[in-house]
Amino acid sequence: MSRLIEYADAAPEARAVFDDIKATRGVPDVNNFWKALAVHPPTLARVWANLKQVMAPGALDPLTKEMLYLAVSATAGCNYCVASHTAAARAKGMDDAMHGELLAVIAMAAETNRLAEALRVPVDPQFQ
């Protein structure tokens, strides 16, 4: 298990990132993912800056982005990420029906992807 760096024990560079995360998210403390990354402050800073940019509102709304993050996390098998992004998606408005439908899409995509790969289905010209 990773060592978690608490704010009081963090390097000044990590504290600055922790402060930005707390301010941006309006939370009293950062979650364990960020505490684990704080063992290497440059990685912590880079990942936070990239995540903040990618997850900012844009052509896709924040709920859609969280649901996509959840889908990829489920497919990758990251239990921590599934828990974190399920909570984030719920906070942004995902209800039980949306969650169930998302899980159905994830499961269907996983099944059809495996079948297409196992059968080595050639890509149709119109999809090229």
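Helix α1 runs over residues 12-25, and its 14 residues reach 20 Å from the first C-alpha to the last. That is close to the 20 Å expected at 1.5 Å a residue, where the expected span is 1.5 Å times one less than the number of residues. Helices here are DSSP runs (H or I, at least four residues), numbered from the N terminus. The model is predicted, so local features need pLDDT of at least 70 and side-chain atom pairs count only at pLDDT 80 or more, while totals for chains, interfaces and linings use all residues. Residues are numbered from 1 along each chain as its sequence is written, and side-chain values use heavy atoms, with hydrogens and water left out.

Which residues of α1 are buried? They are Ala14, Val17, Phe18, Ile21 and Lys22, where buried means under 20% relative accessible area, exposed means over 50%, and partly exposed lies in between (1.4 Å probe, protein chains only). These residues sit on the same side of α1, because they cover an arc of only 135° around the axis; the arc is that of the directions from the helix axis to the C-beta atoms. On the other side of α1, Pro12 and Ala23 are exposed. The cover over the buried residues includes α2 (32-37) and α3 (41-54). Just after α1 comes Gly26, with a positive phi of about 65°.

## How α1 meets α3

Two packed helices are described by the angle between their axes and the distance between the axes. For α1 and α3, the angle is about 25° and the axes are 9 Å apart. Axes are lines fitted to C-alpha atoms, for helices over the stretch in contact, and angles run from 0 to 180 degrees between N-to-C directions. The two helices, α1 and α3, are therefore roughly parallel to each other; angles under 35 degrees count as roughly parallel, over 145 as roughly antiparallel, 65 to 115 as roughly perpendicular and the rest as oblique.

α1 passes α3 in a left-handed crossing, meaning that the near helix is turned anticlockwise from the far one by less than a right angle (clockwise would be right-handed). On the α1 side, the contact (heavy atoms within 4.5 Å) includes Val17, Phe18 and Ile21. Among the α3 partners are Leu44, Trp48 and Leu51.

## Helix α4 and its two partners

Next, take α4 (residues 62-76) with α5 (residues 79-91): their axes come within 9 Å and cross at roughly 160°. That makes α4 roughly antiparallel to α5, and the crossing is left-handed. Leu63, Met67, Tyr69 and Leu70 are among the α4 residues making this contact, with Val82, His85 and Ala89 among those of α5.

α4 also packs with α6, at an angle of about 45° and with the axes 10 Å apart. That makes α4 oblique to α6, and α4 passes α6 in a right-handed crossing. The contact includes Leu63, Met67 and Leu70 of α4, together with Met98, Leu102 and Ile106 of α6.

## Two residues to look at

Where is Ala83? Ala83 lies in helix α5 and is partly exposed, at 47% relative accessibility. Its C-alpha is 20 Å from that of Ala56, which is 27 residues away along the chain.

Arg120 is found in the segment after α6 (96-119). Most residues other than glycine have a negative phi, yet Arg120 has a positive value near 50°. Arg120 is exposed, with a relative accessible area of 73%.
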